[in-house]
Amino acid sequence: MIYPSSISTFISRLTVSLLLLIAALAVQAQPKMFRLEKDSIPLFRGFALSFDLVGPAQLMLGDYGSYEGALRINLHDQWFPIFELGLGRANHEKDEVTKLTYKTTAPYFRLGMDWNIMKKKHGPNRLYAGFRYAFTSYKVDIIRENLPDPVWQNLTGFSVEGMPCSQHWLEAVLGLDAKIIGPLHLGWSVRYKRRLAHKDGDIGQTWYVPGFGISDKDNLAATFNVIIDI
Amino acid sequence: MKEQKKVTTTGKRSRLQGMMLIGLSFLLCHLSFSISSCSSIDCPVQNTVNTKYKLVKADGTTDTLNTDTLWIWSPRANGKASRDYQLDDDDTLLINSLCGPSATSFSIPISYTLPEDTIIFALLTRSGKELLDTILVKKDNQPHFESVDCQASYFHTITNVRWTHNAIDSIAINNPNVNYDLSIEHFHLYLKADR
């Protein structure tokens, strides 16, 4: 029997291997990759705005998710400095088994760069490899009412509200976008997230970190983006 | 004419490439939802919070109960510390008949939120004497959270310990932090040598 955690681990390993392969290829082709192609195309090619659809779908279908948008600068169809801004939200009300409630709503941002690794840089479709630095500062409410002491049998409980937490992390990104019509593109990205530093408050650890997902030392996520060239 | 044909072929190829990428996009969109829906529950395997007492001789070497037999219980009256030291139906038996040369330490639970736990320590010695002691453990209680999938619990910081002197000579706090780590020796318990 394959457990969800095993599938998740397999996908994590596969993605990391692919990213390492791309990084190795990029290092091999380094001089070419970072060299500005000599052609008549200008350096500044405009901006693109994008919105992620996976985060809102997660919010609709589950207890946590995010709203996220990004502003990307196109430099010669080769380099794409990017700023991503989002609002992460978790509202897990009274878990069926543990009766725990966990709530947080907070903004997060990511700053980084994508490289178009397609051979033909100026085509309508792009394949990206990139990285992000991300940060969020958030407050969580953790509530457990009527927690019975199994030995002394009295009812206890706690309600921690507005506990301040924060996290810094890095992301390795592999993405793709395809031109649909006019300025409209659709794209996806797979991201391997690695926690750099975190502050989890005073009562153990946090569960959901806005922009990062379920709290762990690393994480795997995907986005599906609607992109508009402006 | 030839140039026009070349442009048309390039446009077709680009559109075909775009369609393939869109198809791949939808496939990967599905994959992204699958990844998002994958979850694992990582609760600590060891999730009991106990205090560990190690029996120590006056010279610092490990003591043992040997032929003595030990019972430990805690009075409970609706979760409040009780001063009724007779074992009755309301009390909770924590250790039942611990004895033998390998009995060099024992672990007992600690209450979630009582400010002070009352532990009754009953020792039947090899000479047939019944010795009854009371241990009072004062502590600070901190709620502990791992994940919404894991039961909440409490960690503690021991602030003081008091005891009576029938079988017990003294108790020293070795490590005041009580958490999931069962290897920590929180108390060093010195029994009277002439018990």
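Guide: Two strands are said to pair if DSSP finds at least two bridges between them. Please keep in mind that this model is predicted.

Visitor: How do you know that strand 8 of chain B and strand 10 of chain B pair?

Guide: Strand 8 of chain B and strand 10 (residues 187-191) of chain B share five bridges, in the antiparallel sense, and since at least two bridges are asked for, the two strands count as paired. Within this pairing, Ile171(B) stands opposite Leu189(B) in strand 10 of chain B.

Visitor: What makes strand 4 and strand 8 of chain B edge strands of their sheet?

Guide: The open sheet holds four strands of chain B in the order 4-1-10-8, with mixed pairing. Strand 4 (105-109) and strand 8 (168-173) of chain B each have a single partner strand, so one side of each is left without a neighbour in the sheet. Neighbouring strands of this sheet are turned by 25° against each other on average, direction ignored.

Visitor: Why are the buried residues of helix 3 of chain A said to lie on the same side?

Guide: In helix 3 (residues 54-61) of chain A, the buried residues are Val54(A), Gly55(A) and Gln58(A). They cover an arc of only 100° around the axis, and therefore they share one side of helix 3 of chain A.

Visitor: What makes Ile142(A) a contact of Phe145(B)?

Guide: Contact requires C-beta atoms, placed from the backbone, within 7 Å, and Ile142(A) touches Phe145(B) as well as others, including Leu100(A) and Tyr102(A). Ile142(A), Leu100(A) and Tyr102(A) are also among the residues with the most contacts inside the largest nonpolar core, which has 20 residues. Strand 5 of chain A gives the largest share of this core, five residues.

Note on methods: Residues numbered from 1 in each chain as written. Chains lettered and ligands numbered in written order. Predicted model: local features only at pLDDT ≥ 70, side-chain atom pairs only at ≥ 80, totals over all residues. Core = buried A, V, L, I, M, F, W, Y, C linked by C-beta atoms within 7 Å. Buried ≥ 20, exposed ≤ 12 C-beta atoms within 10 Å, placed from the backbone. Contact = placed C-beta atoms within 7 Å. Arc of directions from axis to C-beta. Axes fitted to C-alpha atoms, helices over the stretch in contact; angles between N-to-C directions. Lists of a residue's contacts leave out its neighbours within four places in sequence.
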